[in-house]
Amino acid sequence: MSKPSKIYRDSNLLTLAQGEKCLLRAVKGCLEDEGTTTVAAHSNWGQDGKGKSLKASDAKSVWSCYRCHSWLDQGMATNEKKQQTFDQAFEQQIEEWVKIAENICLKPWKVKAARDVLDHLGVSYGIR
């Protein structure tokens, strides 16, 4: 069996971010729980599939408000600080995807998107 590709794409997974709280919480003035500007912010590191004009894998994204997303992409913080902040948010993102994957009361496309990315990442969740 071959190893799964690093570059994982799922537009439904990205759509899950809409209306959710910001997990990155990187800047003063973060819109935290507002949810109106929340999108999936992709990792900016090559090990996650980021290339010259290529976004990282959708599986390496976190829910982020536009202020924190701008900080991640163009902010003045060190690369180390950005990666540390992203990694902490990614741990929370996994937890959020697990909650969605286990909630059969949600719309089926949401549950499927969460389950598919968790399967891709090799993360287990309660309901199979």
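Predicted model: local features only at pLDDT ≥ 70, side-chain atom pairs only at ≥ 80, totals over all residues.
The buried residues of helix 4 pack against helix 1 (11–15) and helix 3. The buried members of helix 4 are Val111, Ala113, Ala114, Arg115, Val117 and Leu118. Helix 4 itself is made of 14 residues, and from its first C-alpha to its last it reaches 20 Å, close to the 20 Å expected at 1.5 Å a residue. Gly122 follows helix 4 and has a positive phi, near 75°.

Side chains of opposite charge can pair when their charged atoms come close. Here the partners are Asp116 and Lys112, whose closest N and O atoms are 2.6 Å apart. Both residues belong to helix 4 and sit 4 residues apart, which is about one turn of the helix. Asp116 is partly exposed, with a relative accessible area of 26%.

The protein has 128 residues, of which 41% count as buried. Its accessible surface comes to about 7,500 Å², and 51% of that surface belongs to carbon and sulfur atoms. Contacts can also be sorted by how far apart the partners are in the sequence. Among contacts between residues at least 6 apart, 65% join residues at least 24 apart.

What does the interior look like? The largest nonpolar core has 32 residues, and those with the most contacts inside this core are Leu24, Trp97 and Leu118. At least two core residues come from each of strand 1 (39–42), strand 2 (61–64), helix 2 (66–74), helix 3 (79–102) and helix 4 (108–121). Helix 3 provides the largest share, with 8 residues. Leu118, one of the residues with the most contacts in the core, is also among the buried residues of helix 4.

Which residues does Leu24 touch? Setting aside residues up to four places away in sequence, Leu24 touches Val62, Trp63, Ser64, Cys68, His69, Leu72, Thr85, Phe86 and Ala89. Cys68 counts as buried, at 0% relative accessibility. Cys30 is buried as well, with a relative accessible area of 14%. A search of the whole structure finds 0 disulfides. Cys30 is therefore in no disulfide: its nearest cysteine sulfur, that of Cys68, is 3.6 Å away, whereas a disulfide calls for a pair of cysteine sulfur atoms within 2.5 Å. For Cys68, in turn, the nearest cysteine sulfur is that of Cys30.

Charged side chains form a further part of the picture, with a count of 6 salt bridges. In one of them, the side chains of Asp58 and Arg9 meet at 3.1 Å, N to O. This pair links distant parts of the chain, since Asp58 lies in the loop between strand 1 and strand 2 while Arg9 lies in the segment before helix 1, 49 residues away. Are the two partners buried or exposed? Asp58 is buried, with a relative accessible area of 4%, whereas Arg9 is partly exposed, with a relative accessible area of 41%. Asp58 counts as buried because its 4% relative accessible area falls under the 20% cut-off. Leaving aside neighbours within four places in sequence, the contacts of Asp58 are Tyr8, Arg9, Asp10, Leu13, Leu14, His42 and Trp97. The list includes Trp97, which is also one of the residues with the most contacts inside the largest nonpolar core.

Another salt bridge joins the side chains of Glu96 and Lys21, at 3.6 Å, N to O. This pair, too, links distant parts of the chain: Glu96 is in helix 3 and Lys21 is in the loop between helix 1 and strand 1, 75 residues apart. Glu96 counts as buried, at 12% relative accessibility, while Lys21 counts as partly exposed, at 31%. Salt bridges that share partners join Lys21, Glu96 and Lys99 into one network.

Key:
Residues numbered from 1 in each chain as written. Heavy atoms only, no water. Core = buried A, V, L, I, M, F, W, Y, C linked by side-chain atoms within 4.5 Å. Buried < 20%, exposed > 50% of the residue type's maximum accessible area, 1.4 Å probe, protein only. Contact = heavy atoms within 4.5 Å. Areas by Shrake-Rupley, 256 points an atom, 1.4 Å probe, with all protein chains shown as cover. Expected span 1.5 Å × (residues − 1). Salt bridge = Lys/Arg side-chain N within 4 Å of Asp/Glu carboxyl O.
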